Amino acid sequence: MDTRLTRNLSAVAQVLSVVFGLAFLGKAGVRLSDDGAICVETGFWANARLADPLSVAPGVEASSSAARLCQESPSVAQRLADLGSELPWLLFGALALVLFARMLKAVVEQGPFTGMVARRLTVLGWFVAVGTPVTGLVAGWSQGWLVASMAPMVGVEQVVSGPTALTLAGLAAVVMGKIMREGVRMREDLEGTI
């Protein structure tokens with residue numbers, strides 16, 4: 001494996017993790033200091049008939065797909081829920097990139113098929129596999145609570161937001177880490193017998 005390419009990838013991952021971290025802090029600071037309205041979208045009224053009919057072709061029925069709710073002078077809890085619907089994914093991305101950069105650093109320092117790389121790949125995999133649904137639940141629940149605070153008749157929607165397919169990628173990294181660890185152990189046993 002080309003170590004220069006791996007070093008470059010590690011540097012890019014480190015820079016991106018810093019950018020994501022700064023975006024997280026910046027967005028949190030701006031949102032907490034902003035005293036304007038907050039808005040959220042909900043699909044609660046999906047497929048509801050529109051009050052004013054649209055000009056559509058014969059045989060076509062128009063319905064709404066989402067409602068946008070905005071709250072002037074939101075409460076502190078509503079501001080925190082607004083943050084909770086956006087910031088968890090930035091934090092998750094920053095931490096995943098830090099773990100990825102650490103794994104690439106181990107590849108550069110020790111080579112690709114070592115116990116350290118296998119462990120770091122496994123840690124990254126578990127973080128992505130478990131962190132994806134947890135982050136999605138936090139973001140989804142925050143958005144649901146925010147909708148319920150603005151439109152109590154909706155109730156809290158328990159949804160998972162974000163790309164849940166990342167869970168499979170995380171599990172694949174865990175499996176690859178275990179396979180690599182077993183290969184390292186077999187290589188060490190073979191070297192010990194020679």
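Trainee: What share of the 194 residues in the chain is buried?
Mentor: Buried residues make up 35% of them. Buried means under 20% relative accessible area, exposed means over 50%, and partly exposed is in between, with a 1.4 Å probe and protein chains only.

Trainee: What kind of model is this?
Mentor: This is a predicted model, where local features need pLDDT of at least 70, side-chain atom pairs count only at pLDDT 80 or more, and totals for chains, interfaces and linings use all residues. Residues are numbered from 1 along each chain as its sequence is written, and side-chain values use heavy atoms, with hydrogens and water left out.

Trainee: And the surface? How much of the accessible surface belongs to carbon and sulfur?
Mentor: The accessible surface of the chain is about 11700 Å², and 65% of that belongs to carbon and sulfur atoms. Areas come from the Shrake-Rupley method with a 1.4 Å probe; for residues, only the protein chains shown count as cover.

Trainee: What's the secondary structure?
Mentor: The chain has 4 helices and 2 strands. Along the sequence, the pattern reads α-β-β-α-α-α. Helices (H or I, at least four residues) and strands (E, at least two) are DSSP runs, numbered from the N terminus.

Trainee: What share of contacts joins residues at least 24 apart?
Mentor: 79%, among contacts between residues at least 6 apart in sequence. Contact here means heavy atoms within 4.5 Å.

Trainee: Switching to helix 3. How far does helix 3 reach?
Mentor: Helix 3 covers residues 115–150, 36 residues, and spans 52 Å from first C-alpha to last. That is close to the 52 Å expected at 1.5 Å a residue. The expected span is 1.5 Å times one less than the number of residues.

Trainee: Where does helix 3 bend?
Mentor: At glycine 131, by about 35°. Proline 133 follows within four residues. The bend is the angle between axes fitted to the seven residues ending at a position and the seven starting there.

Trainee: Now packing. Which residues make up the largest nonpolar core?
Mentor: Met103, Leu104, Ala106, Val107, Val117, Ala118, Leu121, Ala173 and Met180, 9 residues in all. Helix 2 (76–110), helix 3 and helix 4 (166–193) each give two or more residues to this core. The largest share, 4 residues, comes from helix 2. A nonpolar core is a set of buried Ala, Val, Leu, Ile, Met, Phe, Trp, Tyr and Cys residues joined through side-chain atoms within 4.5 Å.

Trainee: What's in the second core?
Mentor: That separate core has 8 residues, including Ile38, Val40, Val147 and Met150.

Trainee: Back to Leu121. Buried or exposed?
Mentor: Leucine 121 counts as buried, because its relative accessibility is 13%. Leucine 121 sits in helix 3.

Trainee: What does leucine 121 touch?
Mentor: Met103, Ala173, Met176, Gly177 and Met180, not counting residues up to four places away in sequence. Leucine 121 and methionine 103 are 18 residues apart in sequence, and 6.4 Å apart C-alpha to C-alpha.

Trainee: And which residues does leucine 104 touch?
Mentor: Thr6, Leu9 and Ser10, again not counting residues up to four places away.

Trainee: What about arginine 79, buried or exposed?
Mentor: Buried, because arginine 79 has 13% relative accessibility. Arginine 79 is found in helix 2. Leaving aside neighbours within four places, arginine 79 contacts Arg31, Asp34, Asp35, Gly36, Ile38 and Pro74.

Trainee: Charges next. How many salt bridges?
Mentor: The count comes to 3. A salt bridge is a side-chain nitrogen of Lys or Arg within 4 Å of a carboxyl oxygen of Asp or Glu.

Trainee: Which residues are linked in a network of salt bridges?
Mentor: Glu182, Arg185 and Asp189. The closest N and O atoms of glutamate 182 and arginine 185 are 2.3 Å apart. Arginine 185 and aspartate 189 meet at 2.8 Å, N to O.

Trainee: Where do arginine 185 and aspartate 189 lie?
Mentor: Both lie in helix 4, 4 residues apart, about one turn. Glutamate 182 and arginine 185 lie in helix 4 too, 3 residues apart. An α-helix has 3.6 residues a turn, so residues three or four places apart point the same way.

Trainee: Is glutamate 182 buried, exposed or partly exposed?
Mentor: Partly exposed, at 36%. Arginine 185 is partly exposed at 40%, and aspartate 189 is partly exposed at 41%.

Trainee: What does glutamate 191 form a salt bridge with?
Mentor: Arginine 187, with the closest N and O atoms 3.9 Å apart. Glutamate 191 and arginine 187 are 4 residues apart in helix 4, so about one helical turn separates them. Glutamate 191 is exposed at 53%, whereas arginine 187 is partly exposed at 36%.
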